[in-house]
Amino acid sequence: MPYLKTLIAGPFGTNCYLVGADDTDKVVLIDAPPDCRDQVARTLRQDKKTLAALLITHPHFDHTVDTGLFASDGIPVYAHAEAEEGIRKPDTLGLIPFPPQGIPEEREIHRLAGGDEIESAGLKIRCFDVPGHSNGSLAFYIPDLKACFVGDVLFQGSIGRTDLPGGDFGVISDSIRNVLYVLSDDTRIYPGHGPQTTVGDEKRGNPFVRG
């Protein structure tokens, strides 16, 4: 069975995910919320896994604050080009009083865009552009798992906020309908907050964007 674990960290209960193929001890981490590093390290030790890469879905600080810690450990970081500034210099959006540490300039961020495909931890990972919640938003689709990691674009029964910089209801609706809802109904959706869901369930029941 493929390896997939959900960890929850930070003041906003942000999900991050450890994912890998069943024939390797390597895993990728999707998103790096505040205070996740120690939890990730414990889980890797317990399960005898090693971290191969960190993938960032979007630049909001509650998904990126620990990125610099992983980068300092030599873990390759991947994100949309438009997310790089927010990762390096996090904006707390007025939600916490002090800005957290970003990733220093000397640490490279590997730039991704929709249509790219990368291979890591024995997985082929397709990148989809999904703007509307923020600029620089990517969803990571893993065909072998029928799983899509969507950041804060789509939730169980809801969608991402559109009142923050880069947010737009029309744009996020298009991202959901034209990118996520074209996946098979049994594709599992792993969001940035809250429980997982499926494409079919959201197409039928999401009150904000119907399929």
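## Pockets

A pocket is an open set of grid points with protein on both sides within 12 Å along at least five of seven lines. In this predicted model, the second largest pocket has a volume of about 190 Å³. Its lining is made of 13 residues, and those nearest the centre of this pocket are Asp62, Leu95, Asp152, Arg161 and Leu164. By residue type, the lining of the second largest pocket has six nonpolar, four polar and three charged members.

The largest pocket holds about 250 Å³ of space. It is lined by 13 residues, with Pro59, His60, Gly86, Asp91 and Pro165 lying nearest its centre. The lining of the largest pocket divides into five nonpolar, four polar and four charged residues.

## The enclosed cavity

Rolling a probe the size of a water molecule over the atoms shows where empty space is left. In this model, one cavity of 30 Å³ or more is counted. The volume of the largest cavity is about 40 Å³.

Which residues line the largest cavity? They are Asn15, Tyr17, Ile30, Asp31, Thr57, Phe149, Val150, Gly151, Tyr190, Pro191 and Gly192. Strands β2 (14–20), β10 (147–151) and β13 (188–191) each contribute at least two residues to this lining. The largest share comes from β10, which supplies three residues. Six residues of the cavity lining are nonpolar, four are polar and one is charged.

In soluble globular proteins, nonpolar side chains tend to be buried together. The largest nonpolar core of this model has 23 residues, and the ones with the most contacts inside it are Leu18, Leu29, Val40, Leu51, Leu54 and Phe70. Two or more residues of this core come from each of β1 (3–9), β2, β3 (26–30), α1 (37–47), β4 (50–55), α2 (67–72) and β5 (77–80). The element that gives the most is β1, with three residues.

Leu51 belongs to the largest core. Leaving aside residues up to four places away in sequence, Leu51 touches Leu18, Val27, Val28, Leu29, Leu44, Phe70 and Ile75. There is also a second, separate core of 20 residues, which includes Tyr17, Cys127, Ile142 and Phe149.

## Helix α4

Helix α4 covers residues 169–180. Its twelve residues should span 16 Å at 1.5 Å a residue, and the end C-alpha atoms are 15 Å apart, so the two values agree.

An α-helix has 3.6 residues a turn, so residues three or four places apart point the same way. The buried residues in α4 are Ile172, Ser173, Ser175, Ile176, Val179 and Leu180. Among the elements that cover them are β8 (123–129), β9 (138–142), β10, β11 (154–155), β12 (158–159) and α5 (199–205).

## Ile109 in strand β6

Strand β6 (residues 109–112) contains Ile109. Is Ile109 buried or exposed? Its relative accessible area is 5%, so Ile109 counts as buried, the cut-off being under 20%.

Not counting residues up to four places away in sequence, Ile109 touches Val77, Ala79, Glu84, Ile87, Arg88 and Ile103. Val199 is 90 residues from Ile109 along the chain, and the C-alpha atoms of Ile109 and Val199 are separated by 30 Å.

Methods:
Residues are numbered from 1 along each chain as its sequence is written. This is a predicted model: local features need pLDDT of at least 70, side-chain atom pairs count only at pLDDT 80 or more; totals for chains, interfaces and linings use all residues. Side-chain values use heavy atoms; hydrogens and water are left out. On a 1 Å grid over the protein atoms alone, a cavity is a set of points where a 1.4 Å probe fits but cannot get out, and a pocket is an open set with protein on both sides within 12 Å along at least five of seven lines; lining residues have an atom within 4 Å of a point. Grid points are joined across faces, edges and corners, and a volume is the space filled by probe spheres set on the points. Ala, Val, Leu, Ile, Met, Phe, Trp, Tyr, Cys and Pro count as nonpolar, Asp, Glu, Lys and Arg as charged, and the others, Gly among them, as polar. Helices (H or I, at least four residues) and strands (E, at least two) are DSSP runs, numbered from the N terminus. A nonpolar core is a set of buried Ala, Val, Leu, Ile, Met, Phe, Trp, Tyr and Cys residues joined through side-chain atoms within 4.5 Å. Buried means under 20% relative accessible area, exposed over 50%, partly exposed in between (1.4 Å probe, protein chains only). Contact means heavy atoms within 4.5 Å. The expected span of a helix is 1.5 Å times one less than its number of residues.
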